Amino acid sequence: MSGKVRITIDGKAIETAAGEKILWAALDNGIYIPHLCSIRENHSPFASCRLCFVEIEGYPGPVTACTEGAAEGMAVRTRSERVDRLVRTGFEMIMSNHRTECGVCPKNRSCALQKIAKERGLRLKPGRLEKLDRNLPVDDTAESIIYDPNKCVLCGRCVWTCKKTGSGTLGFAKRGFDRMVTTFLEAPLGESGCSGCSACAEACPVGALALKR
Amino acid sequence: MQLTEEERKEAVEKSREILARYDGSRGGLIPALQQIQDVLGYVPAEAMREAAGHFGMPAVDVYGVVTFYNQFRLTPPGRHQVKVCMGTACHMKGGNIIMESWERVLKVKVGETTPDREFSLERVACVGCCTMAPVALVNETVHGKMTPTKVDGLYFSHQLANQQKKEGMPE
Ligand code: FES
Ligand code: FES
């Protein structure tokens, strides 16, 4: 990364490090872009949540802000008809198998999904899509954390964090609709060799992994 | 699925033997797992642990690979292998109903083996006889135009044959 570049986001002039991802440049400057899966320290973003779309002048179509590096003179727009459509559909799909029980959820009011809905005027109901609850058992075997896989949005933040600073217990398993964050042989967290550092609960943007109250 | 002490030992030994042929680079993981399955017929937990150690990765990531691909099985194959077709034609003709019927009579879920190791249940993609959809295979025999009652019938005749074999074979 060499020096600073000037870009504009929604018309606002911003100075940022060359190559800094648009998502972080925007957030640092008080411009909100929906995001679930990005982690600032992770320099190879998964770009799996597909919610951070922006338009960049001269680009044929919307791109994910968490993967696009800033370059001198870039003109970024966080909203457009195409962006809104992609975000709305992506969000609906996530909500279609997210167990929504905000009233009793430990992340109520600090949940990234609530924030996205509020910022973008979207509904927490999946809209056109059917709600599919996976009905998986909630795991409360660990000492300090509780894991409700039915709320998981598969962003991968916990998996990354667990590998970086935890005991490497969490990972992805299975495929398609059955895809889930779990442990070796799907052992309950309490028996999985989890060190209980609860970094995953901190990383989780929704209420899937949360600290026990 | 409970494994016997002997099976566990065999799993560890065979896995080590196979893994020794691979250097530690991660590209070897899938071929090694395939070879393990070729020899053991499935990929037991012990083998996954060995592989994780060999390739220097968390065991959960090996589990992730094994559960991602349909070709890997986690439980030993049964003496009778039931494969229910979930290809396009069979899917349209209610393959999932046939699968549910097998799950009901065998009391296991797809991908599992009955505790007596008599049956294992799997899903397959098109087996090439879509005109007979929905299709199920028991070992190598194709059964077409399956219905839940046919599933009951097949299971029953296997039980019967087994019983007769037992009776006809005094110890
Ligand atoms: S934050 Fe960019 S795709 Fe998830
Ligand atoms: S789809 Fe089942 S045999 Fe072709």
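Chain B contains seven helices and four strands, where helices (H or I, at least four residues) and strands (E, at least two) are DSSP runs numbered from the N terminus. The order of these elements from the N terminus is α-α-α-α-β-α-α-β-β-β-α. The structure is a predicted model, in which local features need pLDDT of at least 70 and side-chain atom pairs count only at pLDDT 80 or more, while totals for chains, interfaces and linings use all residues. Residues are numbered from 1 along each chain as its sequence is written, chains are lettered from A in the order in which they are written, and side-chain values use heavy atoms, with hydrogens and water left out.

The C-alpha trace of chain B spans about 50 × 50 × 20 Å along its principal axes. Of the 171 residues in chain B, 46% are buried, that is, under 20% relative accessible area (1.4 Å probe, protein chains only). Contacts are defined by heavy atoms within 4.5 Å; among those in chain B with a separation of 6 or more, 64% join residues 24 or more positions apart. Chain B is divided into domain 1 (5–68) and domain 2 (80–166), with bounds from an automatic or database domain assignment. The C-alpha centres of these two domains of chain B lie 29 Å apart.

Helix 3 of chain B (residues 45–55) is largely enclosed by the rest of the structure, because eight of its 11 residues are buried. The buried residues are B:Ala45, B:Glu46, B:Ala47, B:Met48, B:Glu50, B:Ala51, B:Ala52 and B:Phe55. Their cover includes helix 1 (5–19), helix 2 (29–40) and helix 4 (59–68) of chain B. After helix 3 of chain B comes B:Gly56, with a positive phi near 60°.

Between the chains, 12 residues of chain B are in contact with 15 residues of chain A. Chain B and chain A bury about 1100 Å² between them, 65% of it on carbon and sulfur atoms; buried area is the accessible area (1.4 Å probe) that two parts lose on being put together, summed over both. B:Val60, B:Tyr63 and B:Phe68 supply 53% of the area that chain B buries against chain A, more than any other three residues. One salt bridge is counted between the chains, the criterion being a side-chain nitrogen of Lys or Arg within 4 Å of a carboxyl oxygen of Asp or Glu. B:Asp61 forms a salt bridge with A:Lys163, and the closest N and O atoms are 3.1 Å apart. Helix 3 and helix 4 of chain B each supply at least two residues of the side that touches chain A. Helix 4 of chain B gives the most to that side, with seven residues.

Chain A is likewise divided, into domain 1 (4–84) and domain 2 (136–213). Their centres, taken over C-alpha atoms, are separated by 29 Å. The contact takes eight residues from domain 1 of chain A and eight residues from domain 2 of chain A. These domains of chain A bury about 610 Å² between them, 70% of it on carbon and sulfur atoms. In domain 1 of chain A, the residues losing the most area to domain 2 are A:Leu36, A:Ile39 and A:Phe46, together 67% of what that side buries. The count of salt bridges between the two domains of chain A is zero.

Terms used:
Buried < 20%, exposed > 50% of the residue type's maximum accessible area, 1.4 Å probe, protein only.
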